[in-house]
Every structure is written in structure tokens, then in C-alpha cells.
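Here is a short briefing on charged side chains and how they pair up. Look through the structure first, then read the points below.

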Amino acid sequence: MDEIRDFDLHAAWIRRAQSDLHAFLEALAARLEGALPGRVQVERKRDGLLSATRHVTAITIQIDGSRYLLDAHNHDVRASRQHEVRGVVLKTESLPLDRWLQELEDDLRRLSGTLEGARGILQDFLTS
């Protein structure tokens with residue numbers, strides 16, 4: 001009897017996580033589009049032929065030589081990162097979602113520091 005109750009509890013948690021995942025993707029896509037214009041591409045699909053609502057099916061973020069991809073398939077999200085040089089993809093890595101988010105954050109932090117340094121140099125040059 002305990003096994004049936006445990007199974008039902010785990011199934012309920014999985015259903016909740018799947019619905020939360022769609023909300024997470026929508027929020028992440030909106031935030032990235034607003035924060036990183038020109039570096040983010042979001043694909044959305046209609047929920048039905050005549051439906052006005054759409055949901056996120058893929059998010060791609062381009063940061064220097066890395067392309068971060070999230071693909072939503074049914075109730076699953078696949079996270080990967082591609083390394084590219086001059087438009088040629090040299091390597092594609094599948095990553096767990098938590099690691100994907102951490103590495104994206106690390107690359108964004110590096111990009112921010114690089115851009116801030118360049119802005120400071122340009123400002124010093126223009127004001128000297």
C-alpha cells in the first residue's frame with residue numbers, strides 16, 4: 001500500500017514540475033529577450049491550429065564563441081551548448097539544466113566584464 005501512495009506522490013510531483021517548467025521557459029524567454037537584444041532567439045509554437053496562445057519551444061543565446069540552446073519537447077527540456085569558430089560548430093555538449101544555467105550565467109558575467117572594460121577604455125580615450 002505504501003508503494004502505491006509513494007508512486008502517486010512522485011507522479012504528482014512530476015506533473016507539477018512539468019507545468020512549472022513551461023512557466024519557467026516563458027519567464028526565461030521574456031527576460032532574456034529584454035536583457036540581451038540581438039543575442040537571443042526564441043521560437044514559439046501555437047497551442048492549436050486556431051489557438052491564440054503560444055508557448056516557447058526553443059531558446060538560443062549567442063555569447064561570443066558559445067551558443068546556448070534549450071529545446072522543449074512535450075514535457076522534457078533538453079539543454080546544450082555549442083562551441084563555434086567563425087560560424088562553424090566544433091562541438092555540441094548536452095548539459096543538465098542546472099549546469100546549463102550556471103555556465104550561461106558565467107559567460108554572461110565574463111561578457112559584462114569585457115564590455116564594461118571596453119566602455120571604460122573608450123570613455124578614457126574620448127575624455128583625454
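**Salt bridges in this model**

Arg-78 and Asp-76 form a salt bridge, with their closest N and O atoms 4.0 Å apart. The model is a predicted one. It holds nine salt bridges. Side chains of opposite charge can pair when their charged atoms come close.

**Arg-78 and Asp-76**
- Arg-78 is partly exposed, at 48% relative accessible area.
- Asp-76 is also partly exposed, with a relative accessibility of 39%.

**Glu-84 and Arg-67**
- A salt bridge joins the side chains of Glu-84 and Arg-67, at 2.6 Å from N to O.
- This pair links distant parts of the chain, 17 residues apart.
- Glu-84 lies in strand β4 (residues 76–85), and Arg-67 lies in strand β3 (residues 66–73).
- Glu-84 counts as buried because its relative accessible area, 14%, is under 20%.
- Arg-67 is partly exposed, at 22% relative accessibility.

**Glu-103 and Arg-81**
- The side chains of Glu-103 and Arg-81 form a salt bridge of 2.2 Å, N to O.
- Here, too, the pair links distant parts of the chain: the two residues are 22 residues apart.
- Glu-103 sits in helix α2 (residues 97–127), while Arg-81 sits in strand β4.
- Glu-103 is buried, at 14% relative accessible area.
- Arg-81 is buried as well, with a relative accessibility of 10%.

Technical notes:
Residues numbered from 1 in each chain as written. Predicted model: local features only at pLDDT ≥ 70, side-chain atom pairs only at ≥ 80, totals over all residues. Heavy atoms only, no water. Helix = DSSP H or I, 4+ residues; strand = E, 2+ residues; numbered from the N terminus. Buried < 20%, exposed > 50% of the residue type's maximum accessible area, 1.4 Å probe, protein only.
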